[in-house]
Amino acid sequence: MNFRTCLPFLLSLTLGCSANVPLDGTGASARAENAVDLGRMAPGTEVDFVVGLSLRRRSLLRARLFGHVTGDANLAPDDFAAEFAPTALEYANVLRWLRAHGVLVTRTTPGRTTVSAHATAAAVEQLLGVELHDYSDAGGRFFAAAGPLNVTPELVGVVEGVVGL
């Protein structure tokens, strides 16, 4: 095992497992960047959101989708999960991570691709290491994350993104 292979493990020991890692492609939305920032959301405000999870074996999934012929057998959600979704252990780790931060899991899916959740703004901010702000634009008032979303290092590559923030 070389130093490069050990580096992520050593960093997690040095920084502690609570050091969050930014999710690629997240940050303040274009709408939020062009709106009036009304400030940080009240901590007790209740928020619903959906955590989207990364798929495995994407090239095989693409081949299956584009090679699909009408009349072919469809994949049941459990079969899809077994072949393409995060593992049952990875899914359980996401659920554990959410619940450990005071987030109520409101819906899970047999295909293990998403988790619907409900929490206070304060819990979401702690979970994702980002402030939630209220904004206003011509379309009305809305809230959004004021920066990039972060996840625990153990879930990098498992959590793809979050919808609803």
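Buried, in my notes, means under 20% relative accessible area, exposed means over 50%, and partly exposed lies in between (1.4 Å probe, protein chains only). I'm working with a predicted model, where local features need pLDDT of at least 70, side-chain atom pairs count only at pLDDT 80 or more, and totals for chains, interfaces and linings use all residues. Residues are numbered from 1 along each chain as its sequence is written, and side-chain values use heavy atoms, with hydrogens and water left out.

**Entry 1: the sheet**

I started with the strands; helices (H or I, at least four residues) and strands (E, at least two) are DSSP runs, numbered from the N terminus. Two strands pair if DSSP finds at least two bridges between them. I found an open sheet of three strands, antiparallel, in the order E2-E6-E7. E2 (36-40) and E7 (140-145) are the edge strands with a single partner each, so one side of each has no neighbour in the sheet. I looked up E2 and E6 (residues 132-137) next: they run antiparallel and are joined by four bridges. Arginine 40 sits opposite histidine 133 of E6.

**Entry 2: helix H6**

Is H6 mostly covered or mostly open? I got six buried residues out of eight for H6 (residues 121-128), so I noted the helix as mostly covered. Among the buried ones are Val124, Glu125 and Leu128. Just after H6, I saw that glycine 129 has a positive phi of about 60°.

**Entry 3: salt bridges**

I searched the whole structure and got five salt bridges, each a side-chain nitrogen of Lys or Arg within 4 Å of a carboxyl oxygen of Asp or Glu.

Which residue does aspartate 137 pair with? I found arginine 31, with the closest N and O atoms 2.7 Å apart. Aspartate 137 is in strand E6 and arginine 31 in helix H2 (residues 30-33), so this pair ties together parts 106 residues apart in sequence. Aspartate 137 is partly exposed at 25%, and arginine 31 is partly exposed at 38%.

Arginine 40 came up again: its side chain meets glutamate 131 in a salt bridge (3.5 Å, N to O). Arginine 40 is in E2 and glutamate 131 is in the loop between H6 and E6, 91 residues apart. I have glutamate 131 down as partly exposed, at 35% relative accessibility.

My last pair was glutamate 160 with arginine 58, closest N and O atoms 3.2 Å apart. It links strand E9 (residues 159-163) to helix H3 (residues 58-66), with the two residues 102 apart. Glutamate 160 is partly exposed at 43%, and arginine 58 is partly exposed at 38%.
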